[in-house]
Amino acid sequence: MFRRDLERGGETKDNRALNNNYNNYSVARNSYDPETRWISWLVPLFVLVNVVAFVVAMFINNCPTNNQGHCVAKFLNRFSFQPLSENPLFGPSSLTLTKMGALKWDSVVNHHQGWRLITCIWLHAGIIHLAANMFSLVFIGIRLEQQFGFVRIGIIYLLSGFGGSVLSSLFIRNNISVGASGALFGLLGAMLSELITNWTIYSNKVAALLTLVVIIVINLAIGILPHVDNFAHIGGFLTGILLGFILLARPQYGWLEQQHLPAGVRRKSKFKAYQYVLLIVSLVLLIVGLVIASVMLFRGDNGYDHCHWCHYLSCIPTSQWKCNDS
């Protein structure tokens, strides 16, 4: 939310840029697809959980009772929205989001409520925020789940959301943060690493790579606007790109066919040497990164003490706005 709180991925043109360019990524694939085509059910379930969480938040919020009737869309009764001066995204109050598990540094570190690192990714600041993120999740997540299955995509989504929350908490102390965009950026990062690690089975690979790089730059650049939690975006993206190298490598061409060769015949390795290298390096970096970041967070370290220029990653001050969200 604006002014007092941070919402993740609330900028709708952020999500539109991501959605409109996904087809450019998809057409870069050639006909080689050695894996089973999965039926997507986990991503729709994630969408349902997010929608239900928002409905519950609005029920608990009960604007007419808790805000002396100064609500938006009063015909919705207790589901009406907070005044736009408080929440321009048409949603509940900051207090309600905090009660339901929004990410708040003081609660995580001083009150040992580490569960907020996960619960915050299921909450949204308003119906606009929710719609933008869920549209992106459906558009991107269903295709990835169909290609790689619910286990791998579920792991990427949840761990990326967690990684985004950890990095966000290291740098942002004075505002709450909610939203699924850290997890969504993880899926975007996984798309990039999947393209790189499976480089040899793509056609138009350079065009696909440039398309994804442009998408990433645009989305991260929008995150430097005030009141958008770009640290969650960056943390989710970095986690996702490492998980993509670990989980989304495809067997090299001809590996499946040679399973029927007689015993004693020399067979190809399932993956190429560089895929194994990327997998091992990414696994080490992921474990070390999450452990170090989590230790720093629960020890109460301030990320800015170790990176004085990092505030520019989340907000760049201009004559039009100030950056005071840390």
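**Helix packing, pockets and cavities**

Leu247 sits in helix α12. In this predicted model, it makes a handy place to start. Leaving aside residues up to four places away in sequence, Leu247 touches Arg152, Ile155 and Ile156.

Two packed helices can be described by the angle between their axes and the distance between the axes. For α9 and α12, the angle is about 145° and the axes are 7 Å apart. The two helices cross in a right-handed way. On the α9 side, the contact is built from Arg152, Ile155, Ile156, Leu159, Ser160, Gly163, Gly164, Leu167, Ser168 and Phe171. On the α12 side, it takes in Phe231, Ala232, Ile234, Gly235, Gly236, Thr239, Gly240, Leu243 and Leu247. Sorted by class, the contact of α9 with α12 comes out as ten nonpolar, eight polar and one charged residues.

Next come the pairs that involve α10. Helix α10, residues 181–197, packs against helix α8, residues 127–148, at an angle of about 40°, and their axes are 10 Å apart. That angle makes α8 oblique to α10. Their crossing is left-handed. Helix α8 brings Asn133, Ser136, Leu137, Ile140, Gly141, Leu144 and Phe148 to the contact, while α10 brings Ser181, Leu184, Leu187, Met191 and Glu194. By class, the contact of α8 with α10 holds seven nonpolar, four polar and one charged residues.

What about α10 and helix α11, which covers residues 205–222? Here the angle is about 155°, with the axes 10 Å apart. This makes α10 roughly antiparallel to α11. The crossing of α10 with α11 is left-handed. From α10, the contact draws on Phe185, Leu188, Met191, Leu192 and Leu195. From α11, it draws on Lys205, Ala208, Leu209, Leu212, Ile215, Ile216, Asn219 and Leu220.

Now for the open spaces. The largest pocket holds about 430 Å³ of space. It is lined by 23 residues, and those closest to its centre are Leu167, Gly235, Leu238, Gly289 and Ala293. Among these, Leu167 and Gly235 also take part in the contact of α9 with α12. Which helices supply at least two residues each to the lining of the largest pocket? They are α9 (150–171), α12 (230–247), α13 (273–298) and α14 (303–306). Of the contributors, α13 gives the most, with seven residues. The lining of the largest pocket has 17 nonpolar and six polar residues, and no charged ones.

The second largest pocket has a volume of about 150 Å³. Its lining is made up of Ile60, Asn61, Asn66, Asn67, Gln82, Glu86, Ser93, Leu95, Thr96 and Lys99. Two or more of the lining residues come from each of α3 (42–61) and α5 (94–100), and α5 gives the most, with three residues. By class, the lining of the second largest pocket divides into two nonpolar, six polar and two charged residues.

The structure holds two cavities of 30 Å³ or more. In the second largest cavity there is about 30 Å³ of space. Leu103, Lys104, Trp105, Ser168, Ser169, Ile172, Asn175 and Ser177 line this cavity. Three of these lining residues are nonpolar, four are polar and one is charged. Ser168 is one of the residues lining the second largest cavity, and Ser168 of α9 also belongs to the contact with α12.

Technical notes
Residues are numbered from 1 along each chain as its sequence is written. This is a predicted model: local features need pLDDT of at least 70, side-chain atom pairs count only at pLDDT 80 or more; totals for chains, interfaces and linings use all residues. Side-chain values use heavy atoms; hydrogens and water are left out. Axes are lines fitted to C-alpha atoms, for helices over the stretch in contact, and angles run from 0 to 180 degrees between N-to-C directions. Helices (H or I, at least four residues) and strands (E, at least two) are DSSP runs, numbered from the N terminus. Angles under 35 degrees count as roughly parallel, over 145 as roughly antiparallel, 65 to 115 as roughly perpendicular and the rest as oblique. A crossing is left-handed if the near helix is turned anticlockwise from the far one by less than a right angle, and right-handed if clockwise. Contact means heavy atoms within 4.5 Å. Ala, Val, Leu, Ile, Met, Phe, Trp, Tyr, Cys and Pro count as nonpolar, Asp, Glu, Lys and Arg as charged, and the others, Gly among them, as polar. On a 1 Å grid over the protein atoms alone, a cavity is a set of points where a 1.4 Å probe fits but cannot get out, and a pocket is an open set with protein on both sides within 12 Å along at least five of seven lines; lining residues have an atom within 4 Å of a point. Grid points are joined across faces, edges and corners, and a volume is the space filled by probe spheres set on the points.
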